[in-house]
Amino acid sequence: MTTPISEHIANAISNTDIESAPYEWMHIRDIFPSDYYKKLKSEPLDKVQHMLVEDFNDDRVFKAVSEKFINAPKNGDEIKSVYAFWQTHGKGYTLKPHEDGPSRLFTFTIYLADNDDYPEAGTAVYEVNEETREYKTVGMMPYLMNSAMLIAPFNKRTWHGVNMLTQDIKRDSVVLVFGNHAWNSGEVHYAKWKAGTTVSYAI
């Protein structure tokens with residue numbers, strides 16, 4: 001049964017325009033009700049990742065995401081898992097251009113910002129020269145309160161990362177993934193503290 005939180009998430013996705021250059025991506029504002037965002041901010045990130053797996057494990061959310069990315073190439077045709085892991089970074093952190101792995105159908109990065117003072121700490125969209133490995137920032141999914149980035153990772157296409165953080169900032173986020181493989185609690189991929197569950201939704 002759809003909960004008010006998952007219904008809000010689905011509506012926020014549906015009501016957000018998708019960007020198409022250089023690939024499909026979204027920056028979703030007010031992804032949660034404001035009181036629920038305050039609750040997320042009050043909880044330890046380890047608990048938040050479990051809460052978000054539950055919130056996003058909903059057919060309306062799956063449908064809203066797949067409808068937005070209907071024309072994007074994807075790493076499969078069925079969502080088989082939902083999993084999440086938290087991250088905290090600060091000044092000096094950077095994440096070079098990457099594409100995510102082929103086991104991901106969709107990647108959310110859910111920003112848990114304290115304020116809207118550092119939008120440049122969000123996820124950068126890159127164009128990459130495959131021969132020289134040079135890259136340039138061509139878009140930004142800004143680090144803002146109660147917002148999230150969303151992409152459909154695909155090989156040699158969906159380059160993204162985080163530009164160097166030069167400000168003294170505490171960058172909290174949760175990466176939430178719709179995967180194309182069943183959830184394996186013993187799998188250690190990137191983070192061993194993941195929360196997850198097996199699902200089945202054809203896209």
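Contact here means heavy atoms within 4.5 Å, and every view is taken from a predicted model.

View 1. Arg-29 stands 53 residues from Val-82 along the chain, and the C-alpha atoms of the two residues are separated by 21 Å.

**View 2. The largest nonpolar core.** This core has 55 residues, of which Phe-32, Phe-56, Phe-108 and Phe-178 touch the most other members. Helix H3, spanning residues 45-56, supplies the largest share of the core, with six residues. Residues up to four places away in sequence not being counted, Phe-56 touches Ile-9, Ile-31, Phe-32, Val-61, Phe-62, Phe-108, Ile-110, Leu-176 and Phe-178. Apart from this core lies another one of five residues, including Tyr-83, Phe-85, Val-177 and Trp-183.

**View 3. The aromatic cluster.** One aromatic cluster is formed by Phe-32, Tyr-36, Phe-56, Phe-62, Phe-69, Phe-106, Phe-108, Phe-178 and Tyr-201, while a search of the whole structure finds 11 aromatic pairs.

**View 4. Lys-194 and the ring of Tyr-83.** The charged end of Lys-194 sits over the Tyr-83 ring, at 5.4 Å from the centre of that ring; Tyr-83 is also among the residues of the five-residue core.

Conventions: Residues are numbered from 1 along each chain as its sequence is written. This is a predicted model: local features need pLDDT of at least 70, side-chain atom pairs count only at pLDDT 80 or more; totals for chains, interfaces and linings use all residues. Side-chain values use heavy atoms; hydrogens and water are left out. A nonpolar core is a set of buried Ala, Val, Leu, Ile, Met, Phe, Trp, Tyr and Cys residues joined through side-chain atoms within 4.5 Å. Buried means under 20% relative accessible area, exposed over 50%, partly exposed in between (1.4 Å probe, protein chains only). Helices (H or I, at least four residues) and strands (E, at least two) are DSSP runs, numbered from the N terminus. Rings of Phe, Tyr and Trp (its six-membered ring) pair if their centres lie within 6.5 Å; planes under 30 degrees apart count as stacked, over 60 as edge-to-face and the rest as tilted. A charge sits over a ring if NZ of Lys or CZ of Arg is within 6 Å of the ring centre and within 35 degrees of the ring normal.
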